[in-house]
Amino acid sequence: MKAPLIASGFVLLGINFAAVYHPDQNLTLAAQTVSAAIGMVCVFLATRKQPQKAATPAVIQPIAPPPAPPRPEAEIAAFLALLQENGRLVDFAKEDITSATDQQLGAAARVVHAGCRKVLSDYFEISPFRTENEGTAVTLESGYDAPAHRLLGSVPANPPYSGKLVHPGWIARSIKLPRVTGTTDQRPWPVLAPAEIEISK
Amino acid sequence: MSDFIGIDLGTSNCAIARVGESGHPENLPITQAIATRGVGEKSLLPSAIYLPSEGEFPEGGPQLPWASENSRQILGLFARDRGALQPDRLIVSPKSWLCHPHADRRGPILPWASTTVEHKISPLDASRHLLAHLLTSLRNSHPSLTAAPPVITVPASFDEVARGLTLEAAQLAGIHEATLLEEPQAAFYAWLENQGTDWRKQVKSADILLVCDVGGGTADFSLIAVTGQDGNLSLERIAVGEHLLLGGDNMDLALAHDVSEKLATSGSTLDEWQFLALVQAVRAAKEALLSDPSLNDVPIAIPTRSRKLLASTIRTNLTREQVGQIVLDGFLPLVAADEMPVLRRAGGLRESGLPYATDAAISKHLARFLTRAKANVASSPQLLATLGGAEKNGSASLLIPDAVLFNGGVFNARPLRARVLEQLTHWASRPVRELEGARPDHAVALGAAVYARLRATGQGLRIKSGTARSYYIGMESAAMAVPGRRPVTKALCVAPQGMEEGTSLEIAAQEFFLYTGETSEFRFFQSEVRAGDQPGQILPDAAELEESAKLQIEIPPPAGHLPGEEIPVHLEARVTELGHLELHFLHKTTGQRWKLEFNVRMQ
């Protein structure tokens, strides 16, 4: 189950990061940002680590017993909540943008972009998989890293494959997401963003 | 081999560094609450403490690996973010309360002016919680760590009371035998370590170096003199500045107000939540403008808290001109050498709370610091000789440094460094250079770890420092009573400036009389500008000094003496190995000794 998820996640990430830097196309920018973030969710879902067991060094007292492993959904919800908290991703994706102006979308996209970018840089170490510029001619020899490459067009039966790099790919060299704690929450619907109430003075 | 640990207990952020087997100092990640139910590691721990309300986290909230039932307060990143939305429950800059002379630093007063928090905590406890968190995080991630006693940094401007309280907080947090180090010195140690043997290429004998440290919330200055022969240089810290609550956060706030006013004139008023978002956005925009000279303006989008992002997001921008006018000309204006900061507000009343600097012009505070440093040097023939005599120092009213080491996040921006150098060059009428290779963000913790190694191994160049101020005890004068006139309080110098750790000084020539068996009041004074005062010297009027503490105690009479008796004593001042000043009264005939610590609070 994992490999396809990673792949689809990175595809979404890849496609979208390629498109993000066209500042004159506000609509594209905004929409792409959203699906980039959804891509991130997929990558996270597939690559998330099992919750670490708390180390119990003898020197510190008292140490609480390690919490029960959280349900996987709780981790995904927590990650989505991060994107919402920082980048208002759920707000943005759930809004109807058909009648919005590009100027409105542009302003909102800046909020989404700044926040999601912050989540990316805070919790992931992301770099392009291939270092060549797009458009460079590349050759894949036998034994190439197949999962990290996707071949487009008519592919011969065996390597070497020659072609043009159309997207360098992205890899996450490290993922350090917050560990979810406090999983006594038994409600079937995780809170992605709490309702906010301004207390009257 | 044991490790060496340095702790930067910062006003806005804390950090921890280690010199391990590699021999190079490194920052260690700090485990902390990051989200409502998320815990993770960050290289900085925001110095923020959030006190949740009863039932705010029925599911327990973020659980640290070492969390216990009774630790209800939340520290770090999540505390800061959560607290921004509920400021009444948030403690920020707890460290600045430790050196607030009029606050009850052991009393439950924080969060200050909060009307909703039931169980407030004291400034001492706030620092204790931060230090305990750092220590526990360290032990939790490095269970087998064996470390020499850690070094904790404090602002150079911290007086003896604040230093004592910091050591006490460390003790309470389970950090025993911690040593204190002044932050500007720590930054300098980090620079020395980073430069290796090359540092001598940037510094020569008879140079005076300014460490200019402007953090998020505070500005801290120190001067270090380079003496000795080339090839065998030594370093001595010769002046420290006053505690100044003014830093990078003020710049962001000033820019945000400016943008907000601009928006108001075009009809969009921001509520307080939008203003919070604006401050964040303006900080990022300011950093972009200061680091990229090709940018002329940076767009800013400010969302409301409503889910309707499209309809309610406000667009504006921050221009290079605004940054120039507000950050450079507002905080670092080019001023004349005699332009001093406005120290008091025009109004007769000040709101209680932290004594934030009234004048935002850092350059004027720098002028005041260098003027006071000059006066300090002039008061001491010995210090004057160290600096190459009066002729070298000229007749200028400021003690002008030859080079500057920058520290603190704001100095990542080249234009700000350039402005400080321009100002100093303008005052000096000769170029003042920058020490290259500074790491403004993490140097303090790294330098503290380097210093911990230096203390433990004795290897490396040490900055000669000693006490930053001279200390005095108030004394009733022996004068005839005059009706309607209170006798003037004299001040007896008990510890001169520059008194080094692990030394003691007895004022042998004089005998004093101590009241026993009844409550008497002791008053303590200090000065940053009287390097020439010798122990035992009596100043005719304590009013010219800064009063640092007052203590009312009853000293029990020694064996064989009656209560109410005045007994003859000698005075001895000690600076402990940990850099803590103590005052002892010695009764020679019985050998009895009483200790007074400077760590007492102002009534």
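1. In this predicted model, A:D122 and B:K42 are joined by a salt bridge, and their closest N and O atoms lie 3.9 Å apart. Between chain A and chain B the count of salt bridges is 3.

2. The contact between the two chains draws on 38 residues from chain A and 35 residues from chain B. The area buried between chain A and chain B comes to about 3100 Å². Carbon and sulfur atoms give 52% of that area. On the side of chain A, 19% of the area buried against chain B is supplied by A:R88, A:R179 and A:T181, more than by any other three residues.

3. Within chain B, helix 7 (residues 248-265) packs against helix 8 (residues 272-291). The angle is about 110 degrees, and the axes of the two helices are 9 Å apart. Angles of 65 to 115 degrees count as roughly perpendicular, so helix 7 of chain B and helix 8 of chain B are described as roughly perpendicular to each other. Their crossing is right-handed.

4. Which residues make this helix contact? Helix 7 of chain B contributes B:G248, B:D249, B:D252, B:L253, B:L255, B:A256, B:H257, B:V259 and B:S260. From helix 8 of chain B come B:F275, B:L278, B:V279, B:V282, B:R283 and B:K286. By class, the residues of the contact between helix 7 and helix 8 of chain B are 8 nonpolar, 3 polar and 4 charged.

How values were computed
Residues numbered from 1 in each chain as written. Chains lettered and ligands numbered in written order. Predicted model: local features only at pLDDT ≥ 70, side-chain atom pairs only at ≥ 80, totals over all residues. Heavy atoms only, no water. Axes fitted to C-alpha atoms, helices over the stretch in contact; angles between N-to-C directions. Helix = DSSP H or I, 4+ residues; strand = E, 2+ residues; numbered from the N terminus. Parallel < 35°, antiparallel > 145°, perpendicular 65-115°, else oblique. Left-handed = near helix turned anticlockwise from the far one by under 90°. Contact = heavy atoms within 4.5 Å. Nonpolar A, V, L, I, M, F, W, Y, C, P; charged D, E, K, R; others polar. Buried area = accessible area lost by both parts, 1.4 Å probe. Salt bridge = Lys/Arg side-chain N within 4 Å of Asp/Glu carboxyl O.
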